[in-house]
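Good morning, and thank you for coming. Please look at the chain on the screen while I describe how its parts are arranged.

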Amino acid sequence: MVFNMATKVFIYIGWMLQTTVAGSLYYCSVSDPCAEANVSSFFEPYARFENCQHNNNRFCDRYITPKWYRVNDVMLTQCPSLLSCGTLYPVWLNGTLPTTSDGVVDRKACKVGFESCCTRTYDIQIKNCGSFYAYCLAALDTCPERYCFATTTTTTTTTTTTTSKPSTSPEDCSNGQCETPTTTMEPSTTTTVKQATTSMITTCSNDPCIEHNVKCIDDQESRSPYCEYDKGDDDCDDELTPGWYKAKSPMVTHCPGLLGCGSIYPVWLNGTIPGTHEGVVTRQACQRGFHSCCSKSYDVKVKNCGKYTAYCLGKLSTCPSRYCFGTGVCQKDTGADDDTNENKDHSHGKLYTLLVVALVVLSLILAVIGVIAIKRFNKTRSRTGSFIDIQVAEKSTEKNTGGTPEKTAPDTRQNPLYLPAERPPPYSPLGKPPSYRP
């Protein structure tokens with residue numbers, strides 16, 4: 001029973017080791033990857049090209065079903081920029097595409113991060129099926145994060161598929177269409193600037209120079225253009241209550257960079273701060289976009305109250321997007337974000353840690369079972385050996401005596417505690433001389 005248990009433990013450990021070594025590519029083990037991919041519908045195939053910017057959509061390959069897919073386009077083999085391929089963190093192929101003679105090949109896919117072009121790698125497999133490529137893709141760790149592809153060009157004389165570098169120009173759509181289903185967009189993106197302006201006009205009819213009519217904008221320290229967006233930041237002004245606001249520093253009046261002001265799409269004041277004698281003035285607030293400094297605009301009201309400047313602000317229609325305030329260094333508290341920066345504790349890493357712990361525990365159990373089995377084996381062997389030694393000794397004795405056991409003389413020694421019947425004990429238990437007949 002012990003050996004059967006040890007065998008089962010060995011089999012289980014071997015399976016876990018195989019799973020750990022192979023990573024999450026167990027689902028790639030199919031007899032015909034081309035046939036498997038040819039009948040699989042690709043997950044969210046739209047807006048996966050380098051020229052497709054991330055625009056507040058919910059596309060994410062964290063929810064992709066790991067298996068073989070047919071993609072009519074080739075996977076991007078050069079590092080794209082952040083906010084491309086319809087996502088914040090694009091994932092590209094760090095390697096070459098295989099030929100038909102290569103069969104199934106292992107490749108690394110790299111996630112583009114804030115620090116480098118490869119802050120995280122994923123194991124994938126690719127096979128050249130002649131007229132298309134089959135990709136065995138894993139589910140990604142975080143959102144928003146997607147695989148990147150580029151269009152293919154095929155000549156009339158050959159079936160070889162080559163990768164063409166997508167253009168970053170928004171007008172050039174020859175390298176991939178970026179249309180997306182309207183049903184997948186967030187409801188807030190349908191809000192127009194006109195609706196937001198109407199709400200602000202209704203709300204901002206009171207005098208902001210009266211203290212109780214104005215509020216302080218939240219998180220002023222992280223709204224500087226020098227505060228770079230971190231994926232752990234979830235602040236957005238899409239739920240800002242329309243009204244008059246003030247801040248310690250004035251609203252930014254120059255075009256900030258993408259990922260500034262603690263947001264992906266910062267909103268800045270495209271105009272000047274009015275003087276105290278100008279009263280309430282209307283200005284244009286611009287949202288920094290992927291290709292321009294004013295991809296979307298909002299009408300805001302501004303009044304210089306002397307001690308502070310009041311701004312009539314409304315909800316923004318895109319997330320993550322925030323109003324920019326301040327011109328100095330970023331005073332954002334980053335201590336709480338150290339553990340979440342770039343999400344270095346990935347779910348795969350946690351899984352491998354659990355597997356290692358399980359292997360250690362199973363190894364200890366196996367060691368205990370092995371010790372118990374060895375002890376029982378030695379004990380059984382000792383008993384069997386003693387019995388065999390006795391039999392060997394008896395056979396040796398019979399052989400020396402010609403097959404007849406040697407007769408020994410009777411033992412004539414007497415036990416001193418007992419006397420023969422004819423000799424009574426020298427004393428009686430009652431203290432009297434024993435009486436007996438001669």
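**Strands and cores**

Strand β13, residues 265–270, runs parallel to β17, and three bridges link the pair. In this pairing, V267 faces Y323 of β17. Helices (H or I, at least four residues) and strands (E, at least two) are DSSP runs, numbered from the N terminus. Two strands pair if DSSP finds at least two bridges between them.

This is a predicted model, in which local features need pLDDT of at least 70 and side-chain atom pairs count only at pLDDT 80 or more, while totals for chains, interfaces and linings use all residues. Residues are numbered from 1 along each chain as its sequence is written, and side-chain values use heavy atoms, leaving out hydrogens and water.

Both strands belong to an open, mixed sheet of seven strands, ordered β11-β12-β16-β15-β14-β13-β17.

Which residues have the most contacts inside the largest nonpolar core? They are Y135 and Y147, in a core of 48 residues. Such a core is a set of buried Ala, Val, Leu, Ile, Met, Phe, Trp, Tyr and Cys residues joined through side-chain atoms within 4.5 Å. Strand β6 gives the largest share, five residues. Another core, of 17 residues, lies apart from it and includes L240 and Y323.

Finally, consider Y89 in strand β3, residues 89–93. Y89 counts as buried because its relative accessibility is 0%; buried means under 20% relative accessible area, exposed over 50%, and partly exposed in between (1.4 Å probe, protein chains only).
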